Amino acid sequence: MKKTMSVREFSKKYNIGLNNAYKIVNTSGFPAIRVGRKIIIIRDQVDKWMLEKINTTIN
């Protein structure tokens, strides 16, 4: 399994629109790195980040 994914792959995997995917990816603390204009998402950190965000939103 690949350790990274693109914004487009993230959008498809989580069934969200591409514009919303870019909004999420540009959120502070999101597990991604930028190389020039390319955004590389660290695949195994995304679910952990989302769970933390859900917990802070609910609590």
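Helices (H or I, at least four residues) and strands (E, at least two) are DSSP runs, numbered from the N terminus. The model is predicted, so local features need pLDDT of at least 70 and side-chain atom pairs count only at pLDDT 80 or more, while totals for chains, interfaces and linings use all residues. Residues are numbered from 1 along each chain as its sequence is written, and side-chain values use heavy atoms, with hydrogens and water left out.

**The sheet**

- Three strands make an open sheet in the order S1-S3-S2, with antiparallel pairing; two strands pair if DSSP finds at least two bridges between them.
- Strand S1 (4-5) and strand S2 (32-35) stand at the edges with a single partner strand each, so one side of each has no neighbour in the sheet.
- S1 and S3 run antiparallel and are joined by two bridges; Met5 has Ile41 as its bridge partner in S3.
- S2 and S3 pair in the antiparallel sense over four bridges.
- Arg34 has Ile39 as its bridge partner in S3, and Ile33 stands opposite Ile40 in S3.
- S2 and S3 form a hairpin with two residues between them, and Gly36 in the turn has a positive phi of about 65°.

- Buried means under 20% relative accessible area, exposed means over 50%, and partly exposed lies in between (1.4 Å probe, protein chains only).
- Ile42 counts as partly exposed because its relative accessibility is 31%.
- Ile33, Val35 and Ile42 form a nonpolar patch on the surface, with about 240 Å² of accessible area together.
- Patches are made of residues with over 30% relative accessible area and no salt bridge; like charges are joined within 9 Å, and nonpolar side chains (Val, Leu, Ile, Met, Phe, Trp, Tyr) within 5 Å.
- Accessible areas come from the Shrake-Rupley method with a 1.4 Å probe, and for residues only the protein chains shown count as cover.

**The nonpolar core**

- A nonpolar core is a set of buried Ala, Val, Leu, Ile, Met, Phe, Trp, Tyr and Cys residues joined through side-chain atoms within 4.5 Å.
- The largest nonpolar core has 11 residues in all, among them Met5, Phe10, Ile39, Ile41 and Trp49.
- H1, helix H2 (18-25), S3 and helix H3 (43-58) each supply at least two residues of this core.
- Leaving aside neighbours within four places in sequence, Phe10 is in contact (heavy atoms within 4.5 Å) with residues including Met5, Phe30, Ile41 and Met50.

- Ser11 is found in helix H1 (residues 7-13) and counts as buried because its relative accessibility is 9%.
- Ile16 lies in the loop between H1 and H2 and counts as partly exposed, at 26% relative accessibility.
- Not counting residues up to four places away in sequence, Ile16 touches Phe10, Ser11, Ala21 and Ile24.
- The C-alpha atoms of Ile16 and Ile39 are separated by 17 Å, and these residues are 23 apart along the chain.

**The salt bridge**

- A search of the whole structure finds one salt bridge, defined as a side-chain nitrogen of Lys or Arg within 4 Å of a carboxyl oxygen of Asp or Glu.
- Glu9 forms a salt bridge with Lys2, and the closest N and O atoms are 3.0 Å apart.
- Glu9 counts as partly exposed at 30% relative accessibility, and Lys2 counts as partly exposed at 49%.
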